[in-house]
Amino acid sequence: MLNFYQQLAKTLKKSAVVLATVTSIKGSTPREVGAKMFISADGKTVGTIGGGAGEAKVYQQALQVLKTGKKQFVEIDLSGALQRETQGVCGGTMQVLLELWSGSESLNLVNQILDSLTSGQSGTIITPFNIDEKPYLLLEIEVIASLHTTALIEPLLPPPTLLIIGAGHIAVFLAQVAHIAGFQVIVQDDRSDFATKERFPEASRVLAQPITSIQEILDKNTSLYVALVTRGYLQDLAALRLLCKYKVKYIGMVGSNKRVSTVYKMLQNEGYEPEFLDQIYAPIGLDIGALTPEEIAVSICAELIKVRRGGTGTSLSEKI
């Protein structure tokens, strides 16, 4: 989401755009309520509301909105019903709101959204359905219930943070994949020749410092995911001794079953509670048969997404 609004701000400085937002869904659809894309005056698109013929219809309607400036709703039929214009066969329908964003007023709103996201402050975006009203930002989560029938209400939450402890080969690719998946990435390693901005350009922070340097991150972050991809079990132990004092969304630890077992036994002997050890995902990552650092990074990020979104690990084909 952060990257989307950054690109939106960059484009608005040059030209108007049409913002397409999914406002309601029924049945099986490729995207959720709140999914967005925008179409710029030169025809370029950023984001997606699901692709395919339905998105193509939105694109064509957006070109009209660029000319008229009038917001409109577009219904995307994915039911595959014979009596309807076939736009897809997912099984459901989507309603998409198209509205023109242009000028300093729209740019100011996007900058407010970016400030909220980057400062860690939650908020709410209100998008009125009334043709004469424009979207606005509230810095409070609670809103008037009656707004639900007249506007789209979207919680604006800062991106989750992934703290990667260890800056080896796996970490390099994990930072890249996690950044694409929407995580704010922080990397820590006490080796200054490994923990560098050149190796981790996607990271918001790179800490070439002892493990105790993560204390500040643990104290301040309320949506933290931690991946231990260190060079050895001694580094894992040092990190886990710190992490046990905090509630984090996810802790994953790389290593063989023997390495994981060694760490667990040492922590148990030191008196750490079984409940803490039970929450650790180890060996880290979903079992997709990954072998290379690149593949392992993908498997770890898949597990991060599973935890973040409440997934089951079931094959997508089994859900259709």
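Buried residues (under 20% relative accessible area with a 1.4 Å probe, protein chains only) make up 42% of the 320 residues in the protein chain. The model is predicted: local features need pLDDT of at least 70, side-chain atom pairs count only at pLDDT 80 or more, and totals for chains, interfaces and linings use all residues. Residues are numbered from 1 along each chain as its sequence is written, and side-chain values use heavy atoms, with hydrogens and water left out.

**Fold and contacts**
- The protein chain contains 14 strands and 10 helices, taken as DSSP runs (E, at least two residues, for strands; H or I, at least four, for helices) and numbered from the N terminus.
- Of the contacts (heavy atoms within 4.5 Å) with a separation of 6 or more, 57% join residues 24 or more positions apart.
- The C-alpha trace spans about 70 × 45 × 40 Å along its principal axes.

**Surface**

**Largest pocket**
- The largest pocket has a volume of about 1900 Å³, which is the space filled by probe spheres set on grid points joined across faces, edges and corners.
- A pocket is an open set of points on a 1 Å grid over the protein atoms alone, where a 1.4 Å probe fits, with protein on both sides within 12 Å along at least five of seven lines; lining residues have an atom within 4 Å of a point.
- Among the 50 lining residues, Met1, Pro159, Pro160, Gly182 and Arg308 are the closest to the centre of the largest pocket.
- Helix H1 gives the largest share of this lining, 6 residues.

Note on methods. Buried means under 20% relative accessible area, exposed over 50%, partly exposed in between (1.4 Å probe, protein chains only).
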